[in-house]
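Dear colleague,

Please find the structure below, followed by some notes on what I found when going through it.

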Amino acid sequence: MSAHHDDPIVIVGMAVEAPGGIETLADYWAALAESRDLLGPFPRDRGWPLERLFGLAETEGWGAVCDAGGFLDGAADFDAQFFGITPREAVAMDPQQRVALRVAWRALENAGINPGDLGDAEIGCYMGASNTEYGPHGGEVNDYTGYRAGGSALGAVAGRIANCLGLGGPAVVVDVACASSLAAVHLAASAIRNDECEWALAGAACVMGSPGAFFEFSKNNALATDGQCKPYAEDASGTLWGEGVGIVVLERESRARRLGHRIYARLLGSRINHNGKGAPIAVPSTAAQERLIRATVAAAGVAPEHIDLIEGHGTGTAVGDPLELAALQQVYGGPRADGTGPLLGSVKSNLGHAQAAAGLLGLIKVLLCGLHGQIAPTRHAEQPTTRVDWDAAGLRLATELCDWEPRDGVRYAAVSSFGVSGTNAHAVLAMPALEPAASATAGLREAVSQKEIHA
């Protein structure tokens, strides 16, 4: 994608569900601006073997599992009748399908689009998701046999949205682990540019059907020992798993202008790549990340020194964070004329690592920062890791809420997302500092009006 294209791709709608009971953009922004901790104890209504999980540290070679994570309060809630789904089919559906469906509805409303009147148009749906082991095994006969094919299919996270809302364009699920959501945005934008669809929904969902990720990282001794995710911090002790859903609406700028849709940002450039061979698949590569970031910046057609906010991957791990910082330093670091450098943060400090949805939760954070003209702080950033020379790097952690001055009326930001599968994703955004008010139809159920969004 090129910033020099005559008709760039823009983001005109968005919606989110996040831990801590967050269901609206206004609530999400308030939590970020206030540097709120959105983590909580493990859910007690999912039938998980919590006693066994919390006792793993008693086994030699396993790490402790704290009673903490970023869990969605409403993961089990779903208005099946509203979407025309039978109760039994709804129970058989992966919760990722359910939550993604209602967040997609809100994203359309936020864009001023009536979700109930799409009429099988050539609309794309690109969703990131991973298998989280929801429900009984397919080989077990139970009351939901017959519904499991669609209920457990990973591809149905996008397919269910397309089916219920009437989207006649491509419906694709992307699973490249933690890079899934930004990869979905990249593919959706490419599809619009290639006229595969007129416009598209893009995002990701993560709702854990089992605590398998906690078992896995306990065995690898890679979980936070204090129940907190501390990106880029000196006392970071590992990552902490979370959940969430984020979805954006993408279209060409000419269409947005014609229909009076509010433009949150131009997607100046996005790219994905892979680490390639060499290190084990789960080990990040500074070289691959640097190549990716350079390619994205080149596609965006913007000078690296114009990027004032970087929403990093930042998982709070001793291996991943320093490698990521080294790559960011090579592209965005170095001295600037004004003596400052880009501010860096990660929303994982608030809500944990939402896996396939992590990149979209970070992207929406950036969009809200641009909308409000303020950069939200990153928690636990008071003592940055000493494994990086911050003065030489030219990077700074965002430790407090601060004003974000635009450059000639535009705020520039970048978002990173790197997957355990070895896939990396990066995006560069340009957000207008002054944008005309949203169209009169933009305030439906999600209702992010001017008054509400600036409250």
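Before the first pairing is described, one term is needed: two strands are said to pair if DSSP finds at least two bridges between them. Please also keep in mind that this is a predicted model.

With that term in hand, we can begin with strand β2, which covers residues 123-128. Strand β2 pairs with strand β3 (residues 171-174) in the parallel sense, over 4 bridges, and within this pairing Cys125 stands opposite Ala171 of β3. Strand β2 is also joined to strand β4 (residues 199-206), again in parallel, by 6 bridges, and here Gly128 is found opposite Ala204 of β4.

Are the residues of β2 buried or exposed? Strand β2 is mostly covered, as 6 of its 6 residues are buried. Ile123, Cys125 and Met127 point one way from the strand, while Gly124, Tyr126 and Gly128 point the other way, and the residues of both sets are all buried.

These strands belong to an open sheet of 11 strands with mixed pairing, whose order is β3-β2-β4-β5-β1-β6-β13-β12-β7-β8-β10. The edge strands are β3 and β10 (396-397), each of which pairs on one side only. Helix α10 packs on this sheet, where it touches β6 (265-274), β12 (410-418) and β13 (423-432), and its direction makes about 150° with that of β6. Helix α4 (residues 95-110) lies across β1 (9-17), β2, β4 and β5 (244-252), and runs at about 130° to β1.

The last part concerns two helices. Two packed helices are described by the angle between their axes and by the distance between those axes. For helix α10 (residues 286-300) and helix α11 (residues 320-332), the angle is about 35° and the axes are 8 Å apart, and α10 passes α11 in a right-handed crossing. Among the residues that make this contact are Thr286, Gln289, Ile293 and Val297 of α10, together with Leu323, Ala327 and Val331 of α11. Sorted by class, the contact of α10 with α11 has 8 nonpolar, 3 polar and 3 charged residues.

With best wishes

Key
Residues numbered from 1 in each chain as written. Predicted model: local features only at pLDDT ≥ 70, side-chain atom pairs only at ≥ 80, totals over all residues. Heavy atoms only, no water. Buried < 20%, exposed > 50% of the residue type's maximum accessible area, 1.4 Å probe, protein only. Helix = DSSP H or I, 4+ residues; strand = E, 2+ residues; numbered from the N terminus. Axes fitted to C-alpha atoms, helices over the stretch in contact; angles between N-to-C directions. Left-handed = near helix turned anticlockwise from the far one by under 90°. Contact = heavy atoms within 4.5 Å. Nonpolar A, V, L, I, M, F, W, Y, C, P; charged D, E, K, R; others polar.
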